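Work through these exercises with the structure open. Each task is followed by a solution in steps.

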Amino acid sequence: MNILVTGGNGQLGNSIRKISVNYPQHSFLFTDMPEVDITNLEALKSLVKEKNIGAIINCAAYTDVNKAEQAEELAYKINAIGPKNLAEAAKSVNAKLLHVSTDYVFNGKSNLPMKETDATSPLGAYGRTKLAGEEMVKEVGGDAVIVRTAWLYSEFGNNFVKTMMRLGSERESLGVVYDQVGTPTYATDLALALMTLLEKGISGVEVYHYSNEGAVSWYDFTKAIFEETNCKAKLNAIESWEYPTPAERPAYSVLNKRKIKEAGAVVPYWRDSLKECLKLM
């Protein structure tokens, strides 16, 4: 089928581009702003009809968690209205939609990995706008999957791994929070999981969770990055209050992946995937 990938220049979009060679039976169309604006419904409908699109993978999002606190209207336009438009455009040509969401729809107050059916309660603007996007996709209906993920990184673009590598090379010591726990997600692993869901077949609207396996704090994640790259900077564990940010972060962001595993997706251990990514950097 012809697959439209929005947000094609981002981490996940580039990761899908990388693995697309493994799927010669499909034709991929990678787009991004300003070429394709997901907030323009009529333009999207024209595009999917003209290109005979069979599936849309939405990687486009407003992801600056801190700035979203002051720019919630813009974040809402991209994170909520955009997915709604994509769902409507997909439905207009009977195409499938794969929409990527976030662990930030939860408040992080659980002490167990969160299931797809657990109650949502976002702490900030980013989470609120992403949750609104999920709800709008559900309202439009059709054939769509919403995949929540967390702590995304890759060899592409800017991300936590690259930032820590840079800071580790610039400073003698570094403080990183240890009281926020989650699971990193290598974007290539997520890209493969999305393709697994698409190849399995999408009927109706479903929600899945995907991140790598295991659980780790930002401090321990950074420690692993430093160990793998032989960084000699001293690492100090600090509490969240010592590093205040405009947006409050969930304290516990581990996702339960049983459902997506049962659908056939492979979920590698986070440190194994980190090693794979670092080889490519």
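**Exercise 1.** How many residues line the second largest pocket, and which lie nearest its centre?

*Solution.* Keep in mind that this model is predicted. Step one: count the lining, which has 16 residues. Step two: go to the centre, where Met-33, Ala-60, Ala-61, Tyr-62 and Ile-78 lie nearest. Step three: look for the main contributor. Helix α3 (residues 72-92) gives the most to this lining, with 3 residues. Step four: sort the lining of the second largest pocket by class. There are 8 nonpolar, 4 polar and 4 charged residues. Last, the volume of this pocket is about 280 Å³.

**Exercise 2.** Describe the largest pocket by volume, lining and class.

*Solution.* Start with the space: the largest pocket holds about 1,600 Å³. Its lining has 49 residues, and nearest the centre are Val-65, Tyr-104, Phe-160, Trp-218 and Arg-249. Elements giving two or more residues to the lining include α1 (11-19), β4 (96-102) and α7. By class, the lining splits into 24 nonpolar, 17 polar and 8 charged residues.

**Exercise 3.** At what angle do helices α7 and α9 pack?

*Solution.* Find α7 at residues 218-229 and α9 at residues 270-280. Their angle is about 45 degrees, and their axes are 11 Å apart. The crossing of α7 and α9 is right-handed. Now find the contact: it includes Phe-221 and Ile-225 of α7, and Leu-274 and Leu-278 of α9. By class, this contact has 6 nonpolar, 1 polar and 5 charged residues.

How values were computed:
Residues numbered from 1 in each chain as written. Predicted model: local features only at pLDDT ≥ 70, side-chain atom pairs only at ≥ 80, totals over all residues. Heavy atoms only, no water. Axes fitted to C-alpha atoms, helices over the stretch in contact; angles between N-to-C directions. Helix = DSSP H or I, 4+ residues; strand = E, 2+ residues; numbered from the N terminus. Left-handed = near helix turned anticlockwise from the far one by under 90°. Contact = heavy atoms within 4.5 Å. Nonpolar A, V, L, I, M, F, W, Y, C, P; charged D, E, K, R; others polar. 1 Å grid on protein atoms, 1.4 Å probe; cavity = no way out; pocket = protein on both sides within 12 Å on 5 of 7 lines; lining within 4 Å. Points joined across faces, edges and corners; volume = space filled by probe spheres on them.
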